[in-house]
Amino acid sequence: MKDKLFKSFLFAAAGLVLLLAGGMFYSLVGGSVNAFRHFGLVDFITTADWNPRTGEERYGALSFISGTLFTALFALLLCIPFSLPVALFNGEYFKGKKIAVAASSIVDLLAGIPSIVYGLWGFYTLRPLIVSSGLNEQGFGILTASVVLAIMIIPYASSLSTEFISMVPNDLKEGAYSLGATNLEVIRRVSLPIAGSGIFAAYILALGRALGETMAVTMLIGNTNNIPTSLFDTGNTMASIIANQFGEADGLKLSSLIAIGLLLFLITAGINSIAKLVMRKILH
Amino acid sequence: MNNLTGEYLLELKKVCVSYTPGKNAVNNVSADILPNTITAIMGPSGCGKSTLLRAINRMHELYPNIVTTGEILLKGKDVLKMNPSEVRRMAGMVFQRPNPFPTMSIYDNVIAGYGLNGIRLKKSEKDEIVETSLRNVALWDEVKDSMTKKGSFLSGGQQQRLCIARALALKPELLLMDEPTSALDPISTNRIEELLLELKEQFTIVIVTHNTSQAARISNYSMFMYLGDLVEYDTTKQMFTKPKDKRTEDYLTGVFG
């Protein structure tokens, strides 16, 4: 009897979560219908206009989609040379040793720092550096946002990569060492190829994080509605345009913001499912 | 061991290995091994037989806190003073469980030792080494049409022969085998044993085995280890017919082990 009760409680709780997710998706779709109907789904995605003037209202998501992809992909590129060595340090060279435990807890600590704190650091420390280096007059833009994003996603990329690198069976590594291989060759030809698809999944997940990151990016990207064409351009991401404008939006503009939210939701959900699929394939 | 004569390929002089300070897992082992022979190391679990084997190609250095002392001479050169990579190329190792590299093809597995040492070879040289090594382990005819398939595509016995070929490809002086048939079925075991008898013509083999009848079948010389000590070392014939030590006799007759 008690068992049955507990079981139905579990079912109810799990069902509620599903219902919440479904409800969220439903309300996103419901909120964005207006914009999609007005501009057309394809046009909405492929236009870069963002004109809120009454009578000339025209909204498109292209600037923000490109801003999002630009910052996230560049952040991913920046994070690889830091997260991969960290993963090798923790998962291979110093696996199980105190120094690796310490290093990985510090890296994990980075993941716990609130986004706004990264934003502040970027605003008051990184931005002046970029200004004084003469790269950019104001210090805002894709580069600034990407650097901070890269730091934010390092823990995600490195901790999961560490897992996969340390999962490489010891007997395979011993096999390589017994043939006279050096540490570096074992990593290059045995550990990395075997852990490869897991590391790939780790970076896809990190990319998913970078795509949706809002606060720090909003503070640093410059918030201009254009397609960024260089690292020193300012821009907006899908998340930052919503964060910037949702408070004063209504009607078609609000619907367009919700539509951008829906697109962002679909992109990150897609990215995460790819990563999950790759990981499931490895683990089974 | 008084009937061992001639030039030794491997000389162990007072070899000790300890995992924790003050406690020897291998205790003062001295033994000389002739070329082109098979020497079996037997003994109950935990007697130090694998530990001794892994001291020869310095595998213990991959882990912290394991200390090897004494002298290990391979072709007269002190292994403990050589570059570990060089030692391991001279003394190939085959493990308990077949461990072909899963991301590499059969071909790449055989030639892996060269890549792992940063040695570049011409395609024709590679082809020749791969064919010779696979012929050496009687695997050539079975895999010559599926060279690009992954090593894990093979059966357990074939995988183990592939691993032997991988070790042989580097043309080692010595082949160290750590219970190479314990994960295999009787038919595969039989094939490997036949193979070792053929390989003896070209190589010198030291094999750790918990299977006394395997030792009797294939080895020329046998060592019996107990609690880290080398209790007895003699020709296999002598040891199996007239063991000198009571402990050897008890082990071989199944009193313990």
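Guide: To begin with a definition, the radius of gyration is taken over C-alpha atoms, and the globule rule is 2.2 Å times the number of residues to the power 0.38. Please keep in mind throughout that this is a predicted model.

Visitor: How do you know that chain B agrees with a compact globule?
Guide: For 257 residues the rule puts the radius of gyration of a compact globule near 18 Å, and chain B has 18 Å, so the two agree. Along its principal axes, the C-alpha trace of chain B spans about 55 × 40 × 35 Å, and 47% of the 257 residues count as buried. Among the contacts in chain B with a separation of 6 or more, 69% are between residues 24 or more positions apart.

Visitor: What makes B:T248 buried or exposed?
Guide: A residue is called buried if 20 or more other C-beta atoms lie within 10 Å of its own; B:T248 has 23 of them, and therefore counts as buried. B:T248 is placed in helix α10 (residues 246-252) of chain B, and, leaving aside neighbours within four places in sequence, B:T248 is in contact with B:F224, B:V231, B:E232, B:M239 and B:P243.

Visitor: Why is A:V278 called partly exposed?
Guide: The class of partly exposed residues lies between the exposed limit of 12 or fewer and the buried limit of 20 or more. A:V278 has 17 other C-beta atoms within 10 Å, so A:V278 is partly exposed. A:V278 belongs to helix α11 (residues 251-283) of chain A, and its contacts beyond four places in sequence are with A:S197, A:F200 and A:A201.

Visitor: What makes the phi of B:E179 worth a remark?
Guide: Most residues other than glycine have a negative phi. B:E179, however, has a phi near 45 degrees, a positive value in a residue other than glycine. B:E179 lies in the loop between β7 and α7 (186-199) of chain B, and with 20 other C-beta atoms within 10 Å B:E179 is buried. In chain A, A:N223 also has a positive phi, near 50 degrees; A:N223 sits in the loop between α9 (215-220) and α10 (238-245), and because its count is 19 other C-beta atoms within 10 Å, A:N223 is partly exposed.

Visitor: How many residues of chain A are in contact with chain B?
Guide: Contact requires C-beta atoms within 7 Å, and 16 residues of chain A are in contact with 23 residues of chain B. On the side of chain A that touches chain B, α7(A) gives the most, with seven residues, and the residues of that side divide into eight nonpolar, four polar and four charged.

Methods:
Residues numbered from 1 in each chain as written. Chains lettered and ligands numbered in written order. Predicted model: local features only at pLDDT ≥ 70, side-chain atom pairs only at ≥ 80, totals over all residues. Contact = placed C-beta atoms within 7 Å. Helix = DSSP H or I, 4+ residues; strand = E, 2+ residues; numbered from the N terminus. Nonpolar A, V, L, I, M, F, W, Y, C, P; charged D, E, K, R; others polar.
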